[in-house]
Amino acid sequence: MAVLTEEQTMLRDMAHEWADNESPVTAFRKMRNGAPASFYDPEAWTAQAGMGWAGILVPEEQGGVGMGYLSLGLVLEQLGRNLAATPLAATATATAAILIGGSDAQKAAWLPRIASGEVVATLAIDEGPRFGGAIAAAVTGGKLSGTKQFVAEGDSAQLFIVAATDGLYLVEGDAGVTRAPRKLADSRSHAQVVFDNAPADRLEGGEDLLTQVTDRAAIGTAAEMLGMAEAAFAQTNDYLKTRVQFGQVLASFQALQHRMAKMFTELELMRSAVEAGLEAADSGRANISQEASLAKAVANETLHLVSREMIQLHGGIGMTDEHDAGFYLKRARVLEQMWGNAAWHRDRFARLNGY
Amino acid sequence: MATAPEIDAPLNALDDFRTQARDWLAANFPPSLKGRDNAMSAVEGPTEEDAEQRAWREAMGEKGWGVPTWPKEYGGGGLSRAEARVLQEEMTRAGAWNPIGGMGVMMFGPTLLEYGSEEQKREHIPAIARGEVRWCQGYSEPGAGSDLASLQCFAEDHGDHYIVNGQKTWTSGGQWADKCFMLVRTDKSKKHEGITFLLCDMDTPGVEVKPIQLISGSSPFCETFFTDVKVPKSNRVGREGEGWTIGKRLLQHERNSLSGGGSAAGRMFAGTPLAQIAKKYVGVDSEGRIADADLRTRIARHEMDLRSFMLTLRRASLEAKSNQGPSAATSIMKNVGARIMQERSELLIEIRGMAGLGWEGEGFEEDALKDVRHWLFGKAVSIYGGSTEIQNNVIAKRILGMLDHQ
Ligand SMILES: Cc1cc2nc3c(=O)[nH]c(=O)nc-3n(C[C@H](O)[C@H](O)[C@H](O)COP(=O)(O)OP(=O)(O)OC[C@H]3O[C@@H](n4cnc5c(N)ncnc54)[C@H](O)[C@@H]3O)c2cc1C
């Protein structure tokens with residue numbers, strides 16, 4: 001566990017408690033069954049913004065709490081545990097883009113509204129089903145045109161950070177923007193968004209602004225995945241301690257004990273990799289791309305393992321929709337694909353290290 | 001690697017049979033049904049046939065070729081294994097599929113042929129061979145999954161019949177089945193020896209099914225409740241208390257068919273090759289290779305695994321024939337088949353990225369949507385029919401002679 005300040009400890013504990021009391025997995029199930037157009041519960045989002053989470057990266061001058069990435073990660077982890085359907089992760093990464101690449105005017109225009117929870121923002125980067133493909137969206141005369149696939153929270157976002165051939169742009173979600181829902185297995189929002197001569201405002205930043213932003217998105221996603229992996233593991237561990245077969249609890253079988261011990265080990269490594277990524281983002285370290293690839297690759301592999309084992313070790317009951325195991329499995333595979341799968345990050349890690 | 005020659009039948013006789021099968025298929029299989037699927041072999045969904053499918057099933061049923069190696073006297077095809085293989089080859093050539101299937105064919109039929117009375121065989125086998133009756137499996141209970149022998153559903157002796165009370169669960173296809181083969185307890189004082197094998201009509205008063213939804217979104221199975229259900233004693237297979245032995249034999253057939261024994265394996269992994277899908281979704285490098293090198297080697301590893309699996313299936317079947325008994329390799333088949341199938345599903349999802357995770361609606365290829373459901377439903381193959389862990393326990397104890405640490 002990273003060394004936390006008193007403030008961070010309080011934040012984490014508050015997020016933990018809120019997630020358990022106000023946003024248990026039953027809340028996600030209810031959202032899924034109700035399938036609102038936004039694919040999240042607006043009341044829960046308002047509550048989160050009220051606790052300052054929407055502005056967690058936003059400096060105090062602009063109405064946020066300015067606590068940084070480690071704090072954001074602590075919250076995402078707690079929400080991930082219960083699969084909370086929230087636009088927090090997407091909004092925070094869009095915030096990161098504005099913080100790194102925005103002019104004073106752009107910051108002043110957007111950050112206070114984001115911090116208050118009034119604006120849900122998101123990244124619109126990929127044009128194909130896999131991360132990191134070519135970008136064709138282009139801007140002429142201040143108007144952006146192009147199609148972005150699988151934009152998280154794209155069904156409801158009011159602000160898009162859009163990747164075009166010559167950089168990142170701020171695009172508001174009304175004029176020239178049409179959205180079509182893409183229903184994925186995880187029952188969250190992943191819309192196709194078409195920009196047709198939409199007014200676009202360029203973020204300056206450096207050459208590598210896109211990489212800086214998607215690295216932070218990968219790290220944030222890894223934090224959410226950490227929470228999911230922890231919860232999936234804990235539920236499985238609890239189940240094995242109660243389910244009786246052959247006159248004994250399943251937890252007494254060594255074949256299962258060693259599998260749990262292996263997962264526990266992987267989870268510890270995952271936590272270190274994720275926390276290192278969050279800390280790298282906070283300190284603005286030059287090697288953040290390496291840390292991001294490490295965090296995301298390890299998170300992908302570990303959550304993959306734990307979510308698969310969760311089903312297997314629950315036996316038939318884990319196969320039923322009534323049980324939560326399937327939710328973890330489905331969300332896991334979607335997050336594995338976002339911002340680079342394990343193969344993508346391993347490949348980049350090798351390149352960054354010169355081999 | 002085993003390359004034993006076919007010894008079942010002289011070659012020219014097989015040639016004659018091949019001609020005969022080809023002619024018959026040409027006369028009876030409507031080409032319009034090419035590429036369709038066997039509705040009965042799927043556990044999911046009711047069997048809905050149009051007139052053409054029905055005619056095809058009846059033709060195959062009449063011939064007994066849906067269960068080609070079962071004895072002719074009970075409506076089977078009476079073919080040798082070699083002839084059955086030729087038939088399969090000719091069907092593949094013609095694009096034909098077997099319209100007869102389901103649990104009756106896969107597990108119950110072979111078990112009844114071995115343990116049933118003459119009357120029971122005459123009553124049930126021909127109907128299975130003609131694809132007229134759907135069977136379901138009443139084994140598992142909420143407290144008896146891996147530890148099946150702890151089942152509690154009780155059959156009380158009432159002279160010429162039993163009265164059955166209790167609950168079964170995970171009854172695949174229970175809502176569409178006509179009949180159920182089930183394990184019940186007839187003696188509470190003994191664990192394994194207190195179990196009896198019964199056959200029950202699903203429309204007997206007191207039988208009630210409640211579908212359960214799966215993570216794949218479908219409801220292919222049920223909780224089944226038995227309240228004062230009357231089952232005539234003539235529906236008991238074997239002796240009272242012999243159910244565990246018979247039930248286990250049936251599980252061997254189940255595992256064998258689940259491992260993809262025979263032609264099932266070919267079908268299980270048919271479809272567009274992974275590499276081809278990967279080239280489409282991931283792109284190729286300047287030399288025409290899948291652009292993602294890591295994915296490329298993982299696909300290669302998977303295809304190698306799959307090929308070793310198919311070779312092992314073949315070796316096991318050749319060994320079984322020449323040793324007149326099951327090969328040691330058969331015990332690993334269900335686990336390997338399950339693992340490879342699940343890996344294939346995961347790879348398919350990974351290859352297509354977000355487009356491989358579609359649930360419904362616009363924006364996804366039809367195949368991709370199907371593959372997502374397969375991926376989720378496929379998580380069950382390492383659980384049902386004896387989970388991977390239970391198979392490993394069996395391998396360790398029975399084959400490797402390791403000790404029971406429990
Ligand atoms: C889709 C589906 C269809 C099915 N269809 C049918 C059907 O038609 N008819 C029917 O009767 N049943 C059916 N089943 C039930 C199936 O046979 C059981 O789910 C299976 O036997 C496992 O039992 P369980 O679910 O109670 O899991 P449990 O026995 O509770 O097992 C939970 C986990 O613990 C592991 N475990 C248990 N004991 C040991 C041990 N001693 N050592 C190591 N690990 C152990 C298991 O492998 C599993 O991973 C179906 C199940 C599914 C999922």
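**Figure 1. Residue classes around the largest cavity.** The lining of the largest cavity comprises 14 nonpolar, 7 polar and 5 charged residues. The model shown here is predicted. This cavity holds about 250 Å³ of space. In total, 6 cavities of 30 Å³ or more are present in the structure.

**Figure 2. Centre of the largest cavity.** Of the 26 residues that line the largest cavity, A:Ala89, A:Ala90, A:Thr93, A:Thr221 and A:Met338 lie nearest its centre.

**Figure 3. Second largest cavity, with residues of chains A and B.** About 160 Å³ of space lies in this cavity. Its lining has 17 residues. Nearest the centre are A:Asp126, A:Gln149, A:Phe150 and A:Trp339 from chain A, together with B:Met354 from chain B. By class, the lining of the second largest cavity consists of 11 nonpolar, 4 polar and 2 charged residues.

**Figure 4. Strands at the second largest cavity.** Strands S1 and S3 (143-152) of chain A each supply at least two residues of the lining of the second largest cavity. S3(A) contributes the most, with 4 residues.

Conventions
Residues numbered from 1 in each chain as written. Chains lettered and ligands numbered in written order. Predicted model: local features only at pLDDT ≥ 70, side-chain atom pairs only at ≥ 80, totals over all residues. Heavy atoms only, no water. 1 Å grid on protein atoms, 1.4 Å probe; cavity = no way out; pocket = protein on both sides within 12 Å on 5 of 7 lines; lining within 4 Å. Points joined across faces, edges and corners; volume = space filled by probe spheres on them. Nonpolar A, V, L, I, M, F, W, Y, C, P; charged D, E, K, R; others polar.
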